[in-house]
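Please open the model in your viewer with the chain drawn as a cartoon, and follow the stops below in order.

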Amino acid sequence: MEIFHISAECYPVAKVGGLADVVGALPKYQNNAGHQVRVVMPCYNTKFKNENSFECVHWGHVKLGDFNFAFNVLKEVTDKLGFELYLIEIPDLFDRKDVYGYEDDIERFLTFQIATLDWINGRNELPDVINCHDHHTGLIPFMMTYCYKYYKFKNTPSMITIHNGLYQGQFGFDKLYYLPEFDLAHVRVLDWNNCINSLAVAIKCAWAVTTVSPNYLNEINISAKGLESLFNMVRYKSRGILNGIDVEVWDPAHDKMLEKNYSTADYKAGKQANKVKLCTLFNLDPTKPLFSFIGRLLEEKGGDLLPGSSAQALQENYQQINILILGSGDTEIENQLNSLRQNFEGNYNTFIGYNEELAHLIYAASDFILMPSRVEPCGLNQMYALRYGTIPIVRRTGGLKDTVIDIGDNGNGICHNQSTISDVCYSIQRAVQLYEDKEQLDSVRLKGMNTDHSWERVCQEYIETYQLIINNKNEN
Ligand code: ADP
């Protein structure tokens, strides 16, 4: 099967969060399973782009309303990621350092989507399926169905994978003229609450909708920032597929970013060596249990609960625990977290920013990973933590509910229900007790390390879903 993945992120080319990890891994495993897989993404000015070789396989022009943009399609020459990687180079729009966060994001990603379809449209053969990821690629299923110049795609199945339904890519109908010409009789397909909502459009037009965990699919039928009724309507073509993890990138036995590699055979010594290294870097005490957080410091991640729960837990366990925070996001949360440093010197620290290498070291060195998320479509941190013998402390939501079972139920982590400081602190107290019970601690750690979250198993579920929509096409 020939599969195209279209995405704004892909690790290690450009990463902001879990979307990149998924698009950097799933295609590799699909390729290994015998499919022809290609990933298409914008060409940002990133380290990966500057340090690798590309050949130009296509060039063209796109119109976005009155604007004209030249674009090149660059292919990474060695397929070093385990699949064919194509970057859409549009210098005026993407030759920038960051992936998102610009005023013209709507124009940027719309131009990317049109350039991508123009290129695929011009190839001799159409793919068997196009898998779009999140709202940045959400107008592709619409354009494939309704735009005159893409009539060839009418029978090409498309799928939208939702990594995070909170971000929907909305814009006003004043920008309708950006879209390539289509039959205006279908203009209402674009409409959701009087806006063009890229994610809603994808949900309506794609042949299949997947979310990144089964439980998240249940949750967005109840609460999805205004899209609940739409999710209910498309339940018949929706499926929740739990993400896997790239067990080659995330492997404590071979991870080059660690101080010391380890496996289930020698994890105690291995983890301790990493802990000593990390604690030295951050002025923490390696003889005490280490609780860490890695992620975007936003409300959806429970970032606002971190300053209060850190302060309370550190007071309750005075000089008996360490807390380390790695992340960036809301400036107020960042400032509150930083200001705690002076009160708990030696037991608490922060690194405000993004640092891939440090994240790997933290997964290996920590005893517990905090995930007090309000919303967590799948969550990868808990799966990385488990593989590195680190116990997740999570709120029961989204994919966290699918992957973390409380130790009270003979599980692999510690769970709570409410997004409150007291629930987080109660879980930290339970973790402190677990840390003292070395026998149970080891058994929970080993359980986590032995869990199979690899893509090999999961990737088959994607193939089955593609197959289902391809079969539907053949029946119609
Ligand atoms: P998200 O909602 O952010 O996509 P996920 O749990 O799906 O959450 O994925 C988060 C990914 O981003 C993980 O690989 C995590 O290690 C990484 N990550 C998040 N914040 C940082 C950071 N500040 N530095 C390094 N890695 C980070």
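Select helix 1 (residues 18-32) together with helix 17 (residues 455-475), which pack with their axes 9 Å apart at an angle of about 80°, and are therefore roughly perpendicular to each other (a word used for 65 to 115 degrees). Axes here are lines fitted to C-alpha atoms over the stretch in contact, with angles running from 0 to 180 degrees between N-to-C directions, and helices are DSSP runs of H or I with at least four residues, strands runs of E with at least two, numbered from the N terminus. Showing side chains at this crossing brings up Val-22, Ala-25, Leu-26, Tyr-29 and Gln-30 of helix 1, which meet residues of helix 17 including Trp-455, Cys-459 and Tyr-466 (contact means heavy atoms within 4.5 Å).

This is a predicted model, in which local features need pLDDT of at least 70 and side-chain atom pairs count only at pLDDT 80 or more, while totals for chains, interfaces and linings use all residues. Residues are numbered from 1 along each chain as its sequence is written, and side-chain values use heavy atoms, leaving out hydrogens and water.

Finally, centre on Asp-255, in the loop between strand 12 (238-240) and helix 9 (267-282).

Terms used
Angles under 35 degrees count as roughly parallel, over 145 as roughly antiparallel, 65 to 115 as roughly perpendicular and the rest as oblique.
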